[in-house]
Amino acid sequence: MIYRTLLGLAASGVLVGCQSPGELAQKAPAWNAVYQVPYQRMANCIADLERGPMTTVTPSTYAQERRARVVVTAPTGSALGEYDIRQISARDTEVTYRSIYGGPGSGAGSGALEKANRCGNPA
């Protein structure tokens, strides 16, 4: 019974880890928040905080649309999370985060929210 449970968990982990950034963009957001920081500064800060030895960070900026996207992937190329960052007014930027680990109310992305809060609420 234990082996069957472990095998099921391993298989679901493989399936979850195989999502592409495009598939992740179709998931419901885990959270969204608004900050009084320009979108480019927010995107650069989040990209810097997400970089690590076990992740690849790909920021993309769309200046005409006043938005950016930061995709975080595993070394295998599987998407882990995605930040969609949009300037919604002269002072406000909205950040929406999607995670492979779940959508709204799941608690997924709490580490990502902490990073966004650090970037959006400079001391």
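Student: How many of the seven residues of strand S3 (residues 67–73) are buried?
Tutor: Welcome! This is a predicted model, in which local features need pLDDT of at least 70, side-chain atom pairs count only at pLDDT 80 or more, and totals for chains, interfaces and linings use all residues. Residues are numbered from 1 along each chain as its sequence is written, and side-chain values use heavy atoms, with hydrogens and water left out. Buried means under 20% relative accessible area, exposed over 50%, and partly exposed in between (1.4 Å probe, protein chains only). S3 is largely enclosed by the rest of the structure, because the buried count in this strand is six.

Student: In what order do the elements of the chain run from the N terminus on?
Tutor: Helices (H or I, at least four residues) and strands (E, at least two) are DSSP runs, numbered from the N terminus. The chain has four helices and five strands. Their order is α-α-β-α-β-β-β-β-α.

Student: Which residue in S3 stands opposite threonine 58?
Tutor: Two strands pair if DSSP finds at least two bridges between them. Strand S2 (residues 56–62) runs antiparallel to S3, with seven bridges joining them. In S3, the residue opposite threonine 58 is valine 71.

Student: And in S4, what is the bridge partner of alanine 68?
Tutor: S3 and strand S4 (residues 79–87) are antiparallel, joined by seven bridges. They form a hairpin with five residues between them, and glycine 77 in that turn has a positive phi of about 95°. The partner of alanine 68 in S4 is isoleucine 85.

Student: Which residue takes a positive phi in the hairpin of S2 and S3?
Tutor: This hairpin has four residues between its strands. The positive phi, near 55°, belongs to arginine 66.

Student: What is the angle between the planes of tryptophan 31 and tyrosine 97?
Tutor: Rings of Phe, Tyr and Trp (its six-membered ring) pair if their centres lie within 6.5 Å; planes under 30 degrees apart count as stacked, over 60 as edge-to-face and the rest as tilted. Tryptophan 31 and tyrosine 97 form a stacked pair, 5.7 Å centre to centre, with a plane angle of 15°.

Student: How far apart in sequence are the parts that this pair of tryptophan 31 and tyrosine 97 ties together?
Tutor: Both residues of the pair are buried. Tryptophan 31 lies in strand S1 and tyrosine 97 in strand S5, so the separation is 66 residues.

Student: Which residues do ring pairs link into a cluster?
Tutor: Tyrosine 83 and tyrosine 97 form a tilted pair, 4.8 Å centre to centre with 55° between the planes. Tyrosine 83 lies in strand S4 and tyrosine 97 in strand S5, so this pair ties together parts 14 residues apart in sequence. The cluster consists of Trp31, Tyr83 and Tyr97.
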